[in-house]
Amino acid sequence: MDNRYAWMDEEWARLESMSQARQIRSVESILDERGAWIRIAGRDLLNLSSNNYLGLAQDPRLKEAATRAIEIWGAGAAASRLVHGSCALYAQLEHRLAEWKQRESALVFANGYVANTGVISALVGRGDAVFSDRLNHASIVDGIVLSRAEHYRYRHGDSEHLEHLLKKHGDARRKVIVTDTIFSMDGDTAPLVELVNLRDQYGALLMVDEAHAGGVLGERGEGLCHELGLQDEVDVIMGTFSKAFGSYGAYICADRSVIRYLTSKARSLIYSTALPPSVIASVHAALTIVQEDTGRRAGLRQKAGWFRERLRMRGFAVGEGDAPIIPVMIGDNERALHYSRKLEERGVAAVAIRPPTVPAGTARIRLTVTATHTEDELEWAAVQLCAIRDERGEGRSR
């Protein structure tokens, strides 16, 4: 009998040969309210692989809010937002988000991927052009592909290259510049001041993805736009609740005209079931903490800077910036996988990031610090990395 799936088996074998095959592994349990330790395959591991930057995913205040919402609203929304799936908690949250971001209006989406694909494909279409940083998240890339607009990628963080492309393709009907603010695999930041200037100069719209900056940067956790005083200069601000907020979902903040337009044109919003009310309730609780607990945010940045410097002192090549995302650059795919496996054997959960998530030849161990890690835990993790390097007989990277 013919194997109808032979081509899949062949592709799987090809991915395995390139150390690019992926598998889903189950977390058996979270070992404490800090979320710093997890259990996988019977092993207790220091978790340096989550985006739970403020340590809120296990916070009892979020759990209590979600539980109360289930008692009132039930387990699910049971319909899309435009078909009576949007409970009162949604309107309250969008009002709070707009106030927090100092914008006219806000709109909640199911998650960051859904928000980016839905918004970009609503803003542009055939005959339009999107100018996108080469290292932007896959959801931005997929949104551009879905839109059928022309896709022009500028070199990472290179505003001069962006301007070259804007001049070259200035006859496009509509132009949108889009960028992450903190890049998810590198931890560095976008040159927002230059992008705002180019937006003005070339008559484009500017959209930013604050997924990894929300809760982390800004006086009240608003993100990089606020930290730089540019919150009024960006046309579309996207963020998520699945990282520093410790919950799930995403949002857009913008002028009222933009939100009104997206409500009727973003297909991923129109045709998705609304988030469960319990999720929205937990986001409400997280937003209060994000806005008020400045000490937690300051502690996160201090620990991230301290850990990055400790790794540098030990001779590892780590990414620039002061974000809690710290890539330890390895290069080769198989070598990165070896480091990840050995770290797990030694009690550290840290994932090897390989192409196509990052460019070929730049495989890395992506370490993420949370506000609830202790310096002793981070120091211990750095010692484990050194031990693995010594076992391999490798020298310092820098």
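**Setting values against cut-offs**

Biologist: What makes Glu377 count as buried?

Modeller: Glu377 has a relative accessible area of 11%. Buried means under 20% relative accessible area, exposed means over 50%, and partly exposed is in between (1.4 Å probe, protein chains only). Glu377 is therefore buried. Do keep in mind that this is a predicted model, where local features need pLDDT of at least 70 and side-chain atom pairs count only at pLDDT 80 or more, while totals for chains, interfaces and linings use all residues. Residues are numbered from 1 along each chain as its sequence is written, and side-chain values use heavy atoms, with hydrogens and water left out.

Biologist: How do you know that Glu377 and Arg34 form a salt bridge?

Modeller: Their N to O distance is 2.7 Å. A salt bridge needs a side-chain nitrogen of Lys or Arg within 4 Å of a carboxyl oxygen of Asp or Glu, so the pair qualifies. Glu377 sits in helix α14 and Arg34 in the loop between β1 and β2 (37–40), 343 residues apart, and the pair links these distant parts of the chain. Helices (H or I, at least four residues) and strands (E, at least two) are DSSP runs, numbered from the N terminus. Arg34, at 26% relative accessibility, counts as partly exposed.

Biologist: Why is it said that Arg25 and Glu344 tie together parts of the chain?

Modeller: Arg25 and Glu344 form a salt bridge, with the closest N and O atoms 2.5 Å apart. Arg25 lies in the loop between α1 and β1 (29–30) and Glu344 in helix α13 (residues 333–345), so the tie spans 319 residues of sequence. Arg25 is partly exposed because its relative accessibility is 46%, whereas Glu344, at 18%, is buried.

Biologist: How many salt bridges are there, and which residues are linked in a network?

Modeller: The structure holds 28 salt bridges. Arg199, Asp200, Glu233 and Asp235 are linked in a network of them. Arg199 and Asp200 have their closest N and O atoms 2.6 Å apart. Arg199 has 9% relative accessibility, so Arg199 is buried.

Biologist: What is the nearest side chain of opposite charge to Asp180?

Modeller: Lys243, at 9.5 Å, so buried Asp180 has no salt bridge. For charge, Lys and Arg count as positive and Asp and Glu as negative, while His and the chain ends are not counted. Asp180 belongs to strand β7 (residues 175–180). The Asp180 side chain reaches the backbone nitrogen of His137 at 3.3 Å.

Biologist: What makes the meeting of the Glu394 and Tyr339 side chains a polar contact?

Modeller: Their distance is 2.7 Å. A polar contact is a pair of N or O atoms within 3.5 Å; within protein, one must be able to donate a hydrogen and the other to accept it, and residues adjacent in sequence count only if both atoms are side-chain atoms. The Glu394 side chain also has a polar contact with that of Arg392, at 2.6 Å. Glu394 lies in the segment after α14 (375–391).

Biologist: Why is Trp7 called exposed?

Modeller: Trp7 has 56% relative accessibility, so Trp7 falls in the exposed class. Trp7 is in helix α1 (residues 6–17). With Tyr5 and Met8, Trp7 makes a nonpolar surface patch of about 370 Å². Patches are made of residues with over 30% relative accessible area and no salt bridge: like charges are joined within 9 Å, and nonpolar side chains (Val, Leu, Ile, Met, Phe, Trp, Tyr) within 5 Å.

Note on methods. Areas by Shrake-Rupley, 256 points an atom, 1.4 Å probe, with all protein chains shown as cover.
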